[in-house]
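Me: I would like a close look at one part of this model, with the cut-offs behind each term stated as you go. Please keep to that part and take it step by step.

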Amino acid sequence: MREPTIKSIPYEEFTDNEYLEKMVADLNEKGTNVIVSNLDAFINWGRSNSLWSLTFGTSCCAIEFMALGAARYDMARFGFEVTRNSPRQADMIMVLGTITHKMAPVLKRLYDQMAEPKYVIAIGGCTISGGPFRSSYHVVMGIDEIIPVDVFVPGCPPRPEAFYYGMMQLQRKIKLENFFGTVNRKEKEPEEDKE
Amino acid sequence: MSMKDLILKIAPSATFEEQGDFVAVVSKEEFRSLMEKLHADYDYLRDVVGFDLVESLGALYYLESSTTFERVAVKTSTLDRENPLLPSVCDLWKTAEIKEREVYDLLGIRFIGNPDMRRIFLREDWVGYPLRKDYDMDSNPLNMTNEQNADTTTEVTLTAGGDFKEVQNQIFGKDDFVVNFGPQHPSTHGVLRMRVHLDGEEVKKVDPICGYIHRGIEKMCESLTYPQTLALTDRMDYLSANQNRHAVCLCVEQAMGLEISERAQYIRTIVDELQRLNSHLLFFSCLVLDMGGLTPFFYGFRDREMILDILEDTTGGRLIQNYYVIGGVQADLHPDFQKKVKAFIVHFRGILHEYHEIFTGNVIARNRLIGIGKLTREQTIALGCTGGTGRASGWANDVRKHHPYALYNKVEFKEILHTEGDCYARYMVRMEEMLESMHIIEQLIDNIPEGECKVKTKPIIKVPEGIYSASVEASRGEFGVFLVSDGGKNPARLHFRSTGLPLVHALDTACAGSKIADFIAIGATLDYVIPDIDR
Amino acid sequence: MEKFLDYYSLAPVFQWIHALLCGVMPEALALCIEGLAVAVVIILLYAILAIVLIYMERKVCAFFQLRYGPMRVGKWGLLQVFADVLKILIKEIIRLKNSDHFLFDLAPYLVILASILTFSCLPWNNGAQILDFNIGIFFILAASSIEVLGILLAGWSSNNKYALIGAMRSGAMMISYEISLGMALITMVVLSGTMSISGIVESQANGWNLFKGHLPACIAFLVYLIAGNAEANRGPFDLAEAEQELTAGYHTEYSGMHFGFFYLAEYLNLFIVSGIAATVFLGGWMPLHVAGLSAFNGVMDLIPGFIWFFGKAFFIVFLLMWIKWTFPRLRIDQVLNLEWKYLIPICLFNLLLMVVLKVFGLVF
């Protein structure tokens, strides 16, 4: 199996390798071709190292994200510092902070407007399960009720190092995608609703 | 004559609360005349707290005088739960316009004479009023349809014959060019949506729509014990996290009559001031980010990281710290605390000139800030804009000076006042306050007495029956806590005075006639944090 | 001095290639093949320079901001921009239901077209210039105006209120600044006596225009830098893409490679502005000559022309990046104020001054 490699961090130091191994086992069942899989590796290298996130911060976790972009933690080293304001140009949406019932349709609309391939990282306890606000009447109990999530990063707020760990997990997941056949299929007709 | 006699003269049938704060209870018929008389002396309406007393629905009004700093509280209620109506005071204090909307949204009480009776936090198609005791928590499931926002609003007026009539008021006309800002903002203040009526480049009217981060904290607090409510206070205005906690701890400690140790008072004061430095540095960084100069943003964060290191050693957290508890602080200071704080102050004093060189003296920054978004002193008082915003217009409203708590009456510091009231004044007030915070810390850091950091409290904390309140000077303004207790271990009503809600309301006044780009500069200098507004 | 100057000239190389091709095929076909080869070279050079510039921007701004910038993708982050470009190439291009499809697809190509046309006029080395004719400067000014059309079309066809407002603002700004840009260049044309780019460069063999023209040339240089910054939508004038609260710019609705075109064109426009500044004011590929020191001049001539050209152009790029990362943004009315009330009167006066000095022979 192709082990997704992250520069200077050994494969064994990541937890949750079983999830990725299962993903790869599913891919191998479809019998990936050698030439195609090398091309996939090249494309996935490009995609995983160039993740542009949408500026979307609702509450406290957004401040930790700003600290992540600041000089001490410097996410520019990974290439993540480019944040786009328009959802059409962003690759991933980092949901930072609690999502309330009033905000949920807006989040769904933003997610729908993004161009494929797109990823979602759920940061903080509030986005995973409602967090400290579990008994509230106005909080969505986990954003996976409304959009599909790729990586969950727990914490309240997570430390910047935890952010990095979550992003590296996303990079590893992207490195195992199959370009020809699974992701980025153009099955939708162009006339369909793309607003 | 005393306050009691004065009130009895105007409203003869008033009664007074026995326990807790001094609160005058008047009937809703005499309420309006009492408020009109009180308005002459008490020109600052601190907050309007609506609450549900099971049989009746009522509201508490907290007033303060901007010259003598005396405070008074008035309570009124109505027995009608189907269609509760109370007289409005928004023609006396302009800030009541938005505070009464909040009471309507969460409790259903409508105010006669308020021109804009719309919901403010919840969706316009929400059913029910959450803060009522008989509200069903599952009555409004997640609704994924897009919300339609009306362009008209209703007002309840009193006709000559004594009946109530509903009148439609226009927010935006049919031919107005209305543009939507947010809620997804690239700026960092959070999720606030504003509908702005533009005439070419000029802003004519701003209508804020809050509630995108309304988490229902006040309702949640009613089912939590007092120590549990502290967990949520950090997450409202997370940049004044410790100061918010200080307010709740002060309120409960004063209500229970609990004295905390001298050491805990020192620690609380020093950590409050460190939090203020932290918040003002973030204000600076976000202001320059909104204005487009990205490099000073990194300067602010670099120094902020040093403060976060100091606090993390002691409390374990960077942003959410969970440090103060009822009775003191959770754990004692780290052994390196004093050394690191002193080193930080020396470093920061030496480096502050860089901030002024790169931004304050810059001709582009000056052109974009000086003379923009003026608010006069009377406007800030009427709008209730406390904090740096009020002080930049000449209103001396620092709670640390006029209603001291912790050790603020024992340290010497200046209250920074400017008179111009424009964006540049608001910016300079905060830069100069940072110097004052450092001065306060320097006076205290070497004299922390020995002692325990936390006094023993009962395992279950119960506050005696009554109405209590406390206020602190948070980084953004006066943060108040209003507690209505029925003697049990859960608060019957716990309300937080938001520092940002009056500031958002002030946007309409401050931005009248300015351009769109100025709108952003004004919003950045008013310095609000949205989770604090929405709670 | 002259023999050293022609040492690195590429003109004989090209003539040899042309003669070789004409020997084996009809001239028309040879010209076609050369044209194709030149087109491929232009596009490759364009893409590579864009990648270098994006990398330079990220690293330069990182060092200004006390941090490192891209470090992990390849040694020192050298492969970072390649990863970005690869990702943009294969991203989905969203087709909006209600946009004007033809104009929506046309707009990025217009911007790239304008950019490549002006790019082709830059003089790389002695004899290595792609588009060279007697009205070079005039052509550059005209071709760069096509870009405004692309931006306005992008905003209009997106069917988005905010993109339209952003495009209108940007369009107004760019059209205004073309006036002072043009006048600054005309001032230098007066000094050089010719509009042809290679002529301007050759006339600087005895000294760069900035020194020859002393006062009016310095004023023209400063005005050109400010106006060029505004034309490229950079620095304190970047309200087109950074009016974030109201609009996310004219390219909000673009995704995938269409957005990539806008992104690349932005950086290349910066380089083109710097390249023209280097050509007209700093001598293009002409080495630094001091009148009278022939040994020094001989040593200077040993450095090839394209190193001089790229060195000067990248120095000005660095200068413009420095300005961008230091100053906050101007408001639209301040931007237009600056142009119409300050820069245009200064330019007019400067032009007059240059003409007077040239007529009385007071320039070097």
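How many residues of domain 1 of chain B are in contact with residues of domain 2 of chain B, and how many of domain 2 take part?

Reply: This is a predicted model, in which local features need pLDDT of at least 70 and side-chain atom pairs count only at pLDDT 80 or more, while totals for chains, interfaces and linings use all residues. Residues are numbered from 1 along each chain as its sequence is written, and chains are lettered from A and ligands numbered from 1 in the order in which they are written.

Chain B is divided into domain 1, made up of 3–137 + 155–169, and domain 2, covering 217–534 (the bounds come from an automatic or database domain assignment). Their C-alpha centres lie 28 Å apart, and 24 residues of domain 1 are in contact with 26 residues of domain 2, where contact means that the C-beta atoms of two residues, placed from the backbone, lie within 7 Å. On the domain 1 side of this boundary in chain B, at least two residues each are supplied by β3 (44–52), β4 (57–64) and α3 (96–107); here helices (H or I, at least four residues) and strands (E, at least two) are DSSP runs, numbered from the N terminus. The largest share of that side, 6 residues, comes from β3(B). By residue type, the domain 1 side divides into 13 nonpolar, 4 polar and 7 charged, with Ala, Val, Leu, Ile, Met, Phe, Trp, Tyr, Cys and Pro counted as nonpolar, Asp, Glu, Lys and Arg as charged, and the others, Gly among them, as polar.

Turning to a sheet of chain B, three strands in the order β15-β16-β17 form an open sheet with antiparallel pairing, two strands being paired if DSSP finds at least two bridges between them. Strands β15 (466–474) and β17 (493–497) of chain B stand at the edges with a single partner strand each, so one side of each is left without a neighbour in the sheet. From one strand to the next the twist averages 15 degrees, with axes taken as lines fitted to C-alpha atoms, for helices over the stretch in contact, and angles running from 0 to 180 degrees between N-to-C directions. Strand β16(B), residues 477–485, is joined to β17(B) by 5 bridges, and the two run antiparallel; B:Val484 stands opposite B:Arg493 in β17(B). Across β15 and β16 of chain B lies helix α6(B), residues 241–256, which runs at about 150 degrees to β15(B).
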